[in-house]
Every structure is written in C-alpha cells, then in structure tokens.
Amino acid sequence: MMLKSHRNFHSVNGKRQILVVDDEAVNRELLGLMLSEDYDILYAEDGRQALELIRANAATLSLVLLDILMPELNGLELLTLLKQDPELAHLPVIVLTSEKSAEVRSLRLGASDFITKPYDLPEVIQARVRRTIELSEDTYIIQTTEHDELTGLYNKEYFYRYAEQFDRYHAAMAMDAVTLDINHFHLFNELYGRSFADEMLKTIADALRRALEGTGGIACRREADTFLLYAPHREEYDTMLAAILTALGEGGHRPRLRLGVYPCADKGIDIELRFDRAKLAGDTVRNNYARSIAYYDDSLHEKELYSEKLIAGMDQALRERQFQVYYQPKYDIRGERPVLRSAEALVRWNHPLFGRISPGRFIPLFEENGLIQKLDLYVWQEAARQVRRWREEYGTVIPVSVNVSRIDMHNPELLSIFRELMRSNQLSPGDYLLEITESAYAEDSERIIRTVEDLRALGFQVEMDDFGSGYSSLNMLSSLPIDALKLGIKFLQDLPSDPKSVRMLELMLDIARYLSVPVIAEGVEREDQLALLKRLGCDMIQGYYFSRPVPPEEFARFIEKEVSSC
Ligand code: C2E
Ligand code: MG
Ligand code: MG
C-alpha cells in the first residue's frame with residue numbers, strides 16, 4: 001500500500017528531475033533525446049559545474065548520470081565527494097563509462113549502476129534510469145516509513161516529510177492543512193474501554209482514507225486523537241465531516257469531532273506550523289456545540305501575532321519590571337469572625353503597548369514554551385521578599401501562596417530553588433504555600449506525586465488548585481499528598497440558587513472530609529455564597545467578597561486591620 005501511494009504521489013503531474021554530466025556535447029544531446037520526454041533534465045559539462053547544480057537542486061534531483069573522464073573534477077572524484085556528504089549521499093548515481101575497470105571502481109564508490117558507451121538502445125537506458133530511481137525512492141521510503149500501527153495511516157514524521165516533498169513537486173497547487181480532533185477522547189477511553197476507542201480511531205482513519213482517495217491528499221495520526229490531513233484545497237469540509245460521522249454510526253456513543261482548517265496554507269512557513277494554525281482554529285470550537293469546523297483566518301492570525309509579541313516581549317518585561325505581583329487575601333471562616341490567614345500571589349502584566357493583561361491570557365502561552373519557569377521564579381522571589389517585608393513591618397507572618405505551574409514540576413532544580421528562596425529571605429517553609437493545579441497531577445502522576453512529597457518533606461504545604469476541574473478519581477485523590485483543596489470558581493458561580501450546584505458542592509466537601517483536608521473556596525463574591533459555604537463546613541474563603549487581588553501597599557490595610565483586632 002505504501003509504495004503504491006508513493007508512486008501515485010509522484011505521478012500526479014511532476015516529472016522527476018535528473019542531471020546529465022558529460023564533457024562531450026554529443027553525449028549530453030544523445031541522453032537528452034532519450035530521456036527528456038519523461039524527465040526534467042539539467043546538464044553539466046564538468047564535475048565542478050555538476051557539483052554546483054547538485055547542491056542547488058538537492059531537494060528535487062532524483063538521479064545523476066555521470067561521465068567518468070572529464071576535465072576539472074572527474075567523475076570518480078565527484079562520486080567520492082557526493083557519497084561523503086550526508087546531505088547528498090542518498091542521491092543515486094549512474095556512471096557512464098567505456099572502461100570495464102572504471103565500472104567496478106565506481107560501483108565500489110557507491111554508484112547505483114553503470115551504462116556503457118557507446119550507448120545501448122534507448123529503451124535499455126530508459127529502463128535502467130527508471131529502475132534506479134524507483135529503487136532508490138523505495139529504499140528511502142522503506143527506511144523512513146513508519147506507519148501508525150493502529151490505523152495504518154502514516155506517522156507524523158513521515159507525513160511531514162511527504163508533505164514537504166509533495167510541495168516541491170507541486171509548488172503551485174493550493175493545499176489545505178487540516179486537523180481533526182475528537183472531543184473528550186479520554187472519556188471514551190475511560191467509559192467504554194480501550195478497544196472501543198481503538199475501533200473508533202480506526203473507523204475515522206478509514207473514512208479519511210476514503211475521503212482522500214484519488215485527490216493526492218494524505219493523512220496521518222499525530223497524537224492519540226489528532227489526525228492531520230494535507231490535501232488539495234476544497235471549498236468545504238462539511239461533506240467530509242458528515243461522511244466520517246456516518247461511518248461512526250448513530251447513537252450516544254458517537255463522539256463529537258472538530259475540524260480545524262488552514263485553507264490554501266502558506267507554503268512559505270514550516271509545515272508543522274501550518275498544522276499548528278489549523279489546530280488553533282479547530283480548538284476555537286472545542287466547547288462549541290453548534291459548530292464543528294473552524295477556519296484559520298485573519299483574526300486568528302492577529303491573535304497569533306499578538307501571542308508572538310507577548311512571547312517576544314517577556315524578557316524585556318522581566319528586566320523592566322512590567323510584571324507586578326498582586327495579593328488576594330484568604331480568610332478563615334470557621335469562627336465568629338473571619339480571620340486573615342494567608343494571601344495568594346497573582347501576577348499581572350502592565351504591558352507598554354497592550355495595557356494590563358490578565359494572567360489567563362499569557363500564562364497558558366508561557367506554559368506552552370517553558371517561559372513560565374522564568375516568570376514563576378520572578379513571582380516566587382517577589383512573594384518571598386514580600387512576606388519578609390510584612391514580617392519586618394508588622395511583626396507577624398502572613399503566609400503567601402504561589403502558583404506552581406505543571407511545567408515547574410518537571411524542573412529538577414525546583415527543590416533547591418525553594419530552599420534557597422527560604423534561606424535568602426530567612427523564611428521557614430511554613431510561611432510559604434504552594435498551589436498546584438489538579439490537572440498537573442493527571443499528567444504524569446507518579447513523578448508529580450514524588451516531587452510533591454519531596455516538597456512536603458521540606459516543610460511546605462501544598463494546596464491543590466482548581467480542584468474539581470480535572471478528572472481525578474476518588475481512588476487517586478486518596479493517595480495524593482496534599483494539605484488543602486481549593487475549589488475552582490466554577491463551583492461557586494450558580495450558588496446558592498441552583499440546587500444541582502449546591503449538591504455538587506456538598507459532594508466536594510464530602511470528598512475533602514474523607515481526605516481529612518481543609519477546603520478553600522475561590523471566587524466568593526456575595527454574602528449568600530459565604531453563608532452557604534460556611535453552613536456546609538467550608539474552611540476558608542478567597543474572593544471578591546473580601547477583596548480583589550491588590551498591590552502589596554493596598555494589601556497592607558488587611559494586615560493592619562487584622563493586627564489591630566487581635
Ligand atoms: P488561580 O490560581 O485559580 O487564581 C484564582 C483566580 O480567580 C485569579 O484570577 C483571581 O483573580 C480570580 N478570582 C478571585 N476571586 C474571584 C471572584 O470572586 N470572582 C471572580 N470572577 N474571580 C476571582 P487571575 O489573577 O486572573 O489568575 C488566573 C489564573 O492564572 C490563576 O488561577 C493561576 O492559575 C494563573 N496564575 C496567576 N498568577 C500566576 C503565576 O504567578 N504563576 C502561574 N504559574 N500561574 C499564575
Ligand atoms: Mg492559584
Ligand atoms: Mg484556583
């Protein structure tokens with residue numbers, strides 16, 4: 001199957017390119033006559049010129065026909081050079097010679113075949129040329145092909161290479177880069193089992209193959225549930241999507257798919273980036289039940305440029321202290337009067353061009369490329385200094401919690417960073433809390449758990465942030481080393497009017513009780529929410545009800561109030 005589609009690709013409209021190297025014009029002409037109908041031919045008169053042409057056309061050349069006896073650089077010397085160059089070594093060379101002795105030598109040097117002068121019948125030469133090219137391309141493909149075992153589609157490395165090669169031969173053809181994702185694929189895995197999910201993937205792969213048949217387009221599976229298509233431009237994708245859904249059959253077990261299309265993708269940019277753009281578009285309808293297909297367009301391009309600017313501006317922003325750490329109080333509500341227990345450090349970016357940017361905009365971006373580690377280090381330092389300053393000023397410690405991104409959890413230096421922060425600010429680990437999101441645990445649980453255990457062994461308390469947004473099972477939760485649960489804002493949104501939300505909240509608090517850890521509710525804005533949480537046994541509250549996140553100077557008044565009421 002693989003070789004068939006490979007031929008198919010080359011025969012769409014391109015002629016393969018070959019280079020004829022001979023110092024005698026007659027020989028060049030003769031070969032030209034025999035081969036120009038089937039091939040695009042370049043000519044060189046000596047070895048040096050040939051080398052230049054080969055280097056310039058390395059991406060498209062399929063074969064070199066090489067004379068041995070030539071001035072300047074002779075054929076055997078050139079052959080030796082080619083075979084030593086890793087970029088060019090794969091290029092097959094047929095040697096043109098009248099000497100028997102040169103045949104053996106050239107084969108030893110890596111020539112694929114030889115043609116003796118005077119030339120045989122044109123058909124013989126044509127057949128030798130064709131066979132050599134086929135053999136070399138097949139070898140190349142066999143060496144490099146790896147299929148996705150489950151679906152039989154290409155794997156992504158091969159797919160990208162194939163797409164690039166396709167572009168070389170069809171530079172003028174408008175191509176679409178398309179991603180297909182399955183919404184909540186992992187749930188299908190969990191709910192219906194692996195083999196069910198595997199069948200689903202196979203069905204989608206088959207449907208894609210059918211949709212691409214005869215178009216010259218190709219498909220691969222990039223990750224578990226992401227497929228890529230590179231295909232000649234089409235006006236709409238509804239038909240394709242409908243065909244895939246039909247193949248998946250009716251019923252409740254049918255997944256929702258989303259397609260991201262980058263139409264007439266810019267061939268001037270990296271092939272992988274073209275698919276990143278398609279995916280960017282696709283992800284905009286991730287939670288949209290009315291639409292399943294989205295196109296990469298100017299507005300997304302704007303967004304992308306904006307993101308790029310944020311990324312490019314990060315170092316300067318750190319140097320110029322454009323990032324500012326705000327603090328939001330956390331109150332203990334168990335007693336008569338709410339008591340200030342700690343504060344959460346939340347970063348803000350005062351951008352010289354874009355104004356105040358919320359972390360929801362740039363944190364995910366920095367998590368994607370690892371920049372978050374630098375920013376977090378900065379925030380952690382600021383927060384540690386702040387705790388020290390308040391202690392010096394008010395003689396009391398207001399512990400501060402900092403957000404630790406899932407990316408930070410993979411930093412082998414993490415423990416020593418925190419140790420050093422405590423040492424240089426003369427703090428004890430009890431003065432400093434760490435918030436790690438629930439979803440971080442889901443990613444590489446064992447490793448994360450080990451790191452969290454190490455941090456706790458140093459004396460740090462670890463709060464699980466955004467609890468309830470991940471998919472931790474109760475079983476897993478009970479084995480997690482945590483000191484508190486922070487309930488995500490979305491649990492609070494419909495409180496207390498919606499009975500379902502209240503029930504959900506009770507469930508969360510039950511889980512916390514079962515784990516014997518205190519609960520901090522985030523996003524509390526109103527009195528009635530506070531009253532309900534208090535009644536249900538929630539321990540701490542953080543939210544606009546008490547205060548928005550504020551700069552440290554402003555936060556001081558909460559401390560002053562607390563100190564004076566003691
Ligand atoms: P988070 O850690 O869960 O922080 C709580 C978010 O809820 C904050 O949003 C806070 O301003 C907001 N919030 C607090 N009370 C209320 C309320 O009553 N109503 C509403 N509507 N919102 C409330 P913010 O500051 O925009 O931060 C968003 C997220 O960005 C944070 O969620 C955290 O995951 C991340 N983040 C912020 N600063 C940092 C940081 O320095 N490092 C890292 N890695 N992540 C950070
Ligand atoms: Mg947090
Ligand atoms: Mg949170």
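I began with burial: a residue is buried under 20% relative accessible area, exposed over 50% and partly exposed in between, with a 1.4 Å probe and protein chains only. By that definition, I found both Glu344 and Glu435 to be buried.

**Entry: the model and its conventions**

I noted that this is a predicted model, in which local features need pLDDT of at least 70 and side-chain atom pairs count only at pLDDT 80 or more, while totals for chains, interfaces and linings use all residues. Residues are numbered from 1 along each chain as its sequence is written, chains are lettered from A and ligands numbered from 1 in the order in which they are written, and side-chain values use heavy atoms, with hydrogens and water left out.

**Entry: the magnesium ions**

I looked up the donors (N, O and S atoms within 2.8 Å of the metal, or 3.2 Å for Na, K and Ca; water is not among the atoms, so sites may look incomplete). Helices (H or I, at least four residues) and strands (E, at least two) are here DSSP runs, numbered from the N terminus.

I then turned to the magnesium ion (ligand 3), which Asp465 (OD) and Glu522 (OE) coordinate at 2.0 Å. Asp465 lies in strand S16 (residues 461-467) and Glu522 in strand S18 (residues 519-522), so the pair ties together parts that are 57 residues apart in sequence. Both Asp465 and Glu522 are buried. The magnesium ion (ligand 2) and the magnesium ion (ligand 3) are 3.8 Å apart, and Asp465 coordinates both.

**Entry: Glu344**

I returned to Glu344, which counts as buried because its relative accessibility is 2%. I listed its contacts (heavy atoms within 4.5 Å). Not counting residues up to four places away in sequence, Glu344 touches several residues, among them Asn403, Glu435, Asp465, Lys486 and Glu522. Glu344 and Leu73 are 271 residues apart in sequence, and their C-alpha atoms are 72 Å apart in space.

**Entry: a five-stranded sheet**

I traced an open sheet of five strands in the order S7-S8-S6-S9-S10, with mixed pairing. Two strands pair if DSSP finds at least two bridges between them. Strand S7 (218-223) and strand S10 (293-295) stand at the edges with a single partner strand each, so one side of each has no neighbour in the sheet. Direction ignored, neighbouring strands of this sheet are turned by 20 degrees against each other on average. I noted that axes are lines fitted to C-alpha atoms, for helices over the stretch in contact, and that angles run from 0 to 180 degrees between N-to-C directions.

Strand S6 (residues 175-182) and strand S8 (residues 226-232) run antiparallel and are joined by seven bridges. Ala177 stands opposite Tyr230 in S8. S7 and S8 also run antiparallel, with five bridges between them, and they form a hairpin with two residues between them. Phe227 in S8 is the bridge partner of Arg221. Five of the six residues of S7 are buried, so S7 is largely enclosed by the rest of the structure. Helix H7 (residues 156-169) lies across S6, S7 and S8, at about 145 degrees to S7.

**Entry: the largest pocket**

I checked the term first: on a 1 Å grid over the protein atoms alone, a pocket is an open set of points where a 1.4 Å probe fits, with protein on both sides within 12 Å along at least five of seven lines, and lining residues have an atom within 4 Å of a point. The largest pocket holds about 1,600 Å³ of space. I counted 42 lining residues, of which Arg258, Lys279, Asp283, Arg286 and Glu368 lie nearest its centre. H13 supplies the largest share of this lining, seven residues.

**Entry: Phe418**

I found Phe418 in helix H15 (residues 414-424). At 0% relative accessibility, Phe418 counts as buried. Phe418 and Trp380 are 38 residues apart in sequence, and 8.5 Å apart from C-alpha to C-alpha.

How values were computed. Points joined across faces, edges and corners; volume = space filled by probe spheres on them.
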